[in-house]
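Colleague: I have a new model open and would like to learn how to read it. Could you walk me through it, one feature at a time?

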Amino acid sequence: ETPEAELSQKLIDLSNEPDYFGIKAPTYNELVKSVRVALDANGFREIGIVGPGLTHVGADNFGVYDRALDADAEKALAVWATHAWEDTWDDRSGNSAVTPLRAAAFVGRCRERDAAKPVWYTEYATAARRFHGVQYPDSDTESENYCGSFTQAFAARTFENTLQILSHGADMAFYWCSEDVPGSKKQWGYIGPNGEKKNIYWALKALYGNLKPGAKVLQAPAWRPGAPVSGVFVNGDTIVVAAVNT
């Protein structure tokens, strides 16, 4: 098949965050299989199912659905997928981004079950305000758990989440969302209400535009509160240095 044919594959997600909306793991297992049978029976074999699309990838969450997926349900899925908002994640370093341990464990388990399937994060950004031990002010009056995407702090945290997701084996990461929801005070979009490109847009543009496949992240031994957030990336004989004042 041509690359164009591959890009035109049709995919569906059977439920937005089934764990949040009350679809228990055993029920989801049966749902995936029954939908696959119905699609095939009605001539829609080209439509693949993406899942399970959970709220986060912790072992207490993805593990429950993973164990409930039998061999037929696993075969029925075309793409492994999850969401990752990290609003309750916090490792011992005080970093509320996607932790390497969780990112690696999720992708590793997906590859173990079926290495041929792509692994996607179908919804991610960050809802965390604490970053490397620093508590940032609330930029969103609706809820103290969120920080608007118009801030440099949000851009830096989402930038790091993107690196964690891609550096630990995921094939694709879809940022949520492109535009702010009209009337909502939770400003997560990278495009503002008047079409302006916000800080998160430029951060991700720099990331995707300069970091090629195979780039490795150099881990700093420490970070001093108040100092610019920086990142150093190596790909062969090329070194890329990025910095943002949060």
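This is a predicted model: local features need pLDDT of at least 70, side-chain atom pairs count only at pLDDT 80 or more; totals for chains, interfaces and linings use all residues.

Colleague: Where in the protein chain is confidence lowest, and where is it highest?

Modeller: The lowest mean, 51, belongs to helix H1 (residues 3–7), while H2 has the highest, at 98.

Colleague: Then let us look at the strands. In which sense do S1 and S2 pair?

Modeller: They pair in the parallel sense, with four bridges between strand S1 (residues 10–13) and strand S2 (residues 47–54). For a landmark in the pairing, find Asp13, which stands opposite Val50 in S2.

Colleague: Now the charged pairs. How many salt bridges does a search of the whole structure find?

Modeller: The search finds 11. One of them joins the side chains of Asp40 and Arg45, at 3.9 Å from N to O. Asp40 is partly exposed at 24% relative accessibility, and Arg45 is exposed at 63%.

Colleague: Which side chain meets that of Asp66 in a salt bridge at 2.6 Å?

Modeller: That is Arg109, with the distance taken from N to O. Arg109 is in helix H5 (residues 100–113) and Asp66 in helix H3 (residues 62–68), so this pair ties together parts 43 residues apart in sequence. Asp66 is buried, at 8% relative accessible area, whereas Arg109 is partly exposed, at 28%.

Colleague: What about Arg109 and Glu112?

Modeller: Their side chains also meet in a salt bridge, at 2.9 Å from N to O. Both residues lie in helix H5, three residues apart, which is about one turn of the helix. Glu112 is exposed, at 61% relative accessibility. Through shared partners, salt bridges join Asp66, Glu74, Arg109, Glu112 and Arg113 into one network.

Technical notes
Residues are numbered from 1 along each chain as its sequence is written. Side-chain values use heavy atoms; hydrogens and water are left out. pLDDT is the predictor's confidence in each residue, from 0 to 100. Helices (H or I, at least four residues) and strands (E, at least two) are DSSP runs, numbered from the N terminus. Two strands pair if DSSP finds at least two bridges between them. A salt bridge is a side-chain nitrogen of Lys or Arg within 4 Å of a carboxyl oxygen of Asp or Glu. Buried means under 20% relative accessible area, exposed over 50%, partly exposed in between (1.4 Å probe, protein chains only).
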